[in-house]
Amino acid sequence: MTDPDRFKEALLAELQSLRAFAISITGNVERADDLVQDTVVKAWTNMNGYTEGTNIRAWLFTILRNTFYSDFRKRSREVEDDGSYAARLSVHAPQHGHMDLEDFRRALATLPDDQREALILVGASGFSYEEAAEICGCALGTIKSRINRARARLGDMLAVSSSAEFGPDADAFAAMASAGSGKRD
Amino acid sequence: MNQCKPSNPNSTSQGRERDAVNDANETGDLASGAEDAVQRAIGSQLRAVYDEVVNMPVPDKFLALLSSLDGKTASRSGSDLDKES
């Protein structure tokens, strides 16, 4: 039996992370909040399915992701307008949005969903490759290759945009980026 | 390519992450220094962009939702549940 008090405390501690992940996959704060709400209710109802001592964040992310793919994506497609996919993670906190990250946000938004998701899970949310594979329900090699492709693509895109904006100084960055990408499948 | 080791202190699996990072970092060729620089830049920008979203305040409705779920479990009355949802 999972202790409800400890479970609640752990769940509270993960709300910010859950919400950020929800925003990154829905691209929309309102939809993300609906998704988090459903996830919290499901998690609470199934708290005995959680094994204390294991990574609760991974457990919650799995529920959230499954909820999104089973219920939400269908529903959101109906109201999706074409521009909103570009909003992935360009949903920024009003006071904290930094202009120098705009290029990166734009580049991130153009990645295929599965690559962006893998990159965020491992590169930003603190999961191991193994945990990310479990959350996404795919093989470890699949996660690694998604992340490698995402990094290579971001490297290329950011090299192009920085050389366009900053002129010759950015050439070194561009050279590094092209040297650094494409060596692994 | 150490930048892909998450900086998140909440992570519970540092050892396994390091193994995974090493697995993915077996290229070891001439370009690896340059690749490191590019990938470090990508890693830090990714975390900066994501942290902005993580640090957004959580709306009170989630705290209320958890309280109502908790209240229902504790009392089994269920009367609290409808207040905030």
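Accessible areas here come from the Shrake-Rupley method with a 1.4 Å probe, and for residues only the protein chains shown count as cover. With that settled, I looked up chain A. Its accessible surface comes to about 8400 Å², and 52% of that belongs to carbon and sulfur atoms.

I noted the ground rules next. This is a predicted model, where local features need pLDDT of at least 70, side-chain atom pairs count only at pLDDT 80 or more, and totals for chains, interfaces and linings use all residues. Residues are numbered from 1 along each chain as its sequence is written, chains are lettered from A and ligands numbered from 1 in the order in which they are written, and side-chain values use heavy atoms, with hydrogens and water left out.

**Entry: chain A overall**

I looked up the secondary structure. Chain A has 8 helices and 0 strands. Helices (H or I, at least four residues) and strands (E, at least two) are DSSP runs, numbered from the N terminus. Read from the N terminus, the elements go α-α-α-α-α-α-α-α.

I then checked burial. Chain A has 185 residues, and 50% of them are buried. Buried means under 20% relative accessible area, exposed means over 50%, and partly exposed lies in between (1.4 Å probe, protein chains only).

I also checked contacts (heavy atoms within 4.5 Å). Of the contacts in chain A with a separation of 6 or more, 64% join residues 24 or more positions apart.

I found Arg57(A) in helix α3, residues 56–79. Arg57(A) has a relative accessible area of 7%, so it is buried.

I found Arg105(A) in helix α4, residues 102–110. Its relative accessible area is 1%, so Arg105(A) is buried. I followed its side chain to chain B. There it makes a polar contact with the side chain of Glu52(B), at 2.5 Å. A polar contact is a pair of N or O atoms within 3.5 Å; within protein, one must be able to donate a hydrogen and the other to accept it, and residues adjacent in sequence count only if both atoms are side-chain atoms.

**Entry: cysteines**

How many disulfides does the structure hold over all chains? I found 0. A disulfide is a pair of cysteine sulfur atoms within 2.5 Å. Cys136(A) is in none, and its nearest cysteine sulfur, that of Cys138(A), is 5.1 Å away. Cys136(A) counts as buried because its relative accessibility is 10%. Cys138(A) counts as partly exposed, at 21% relative accessibility.
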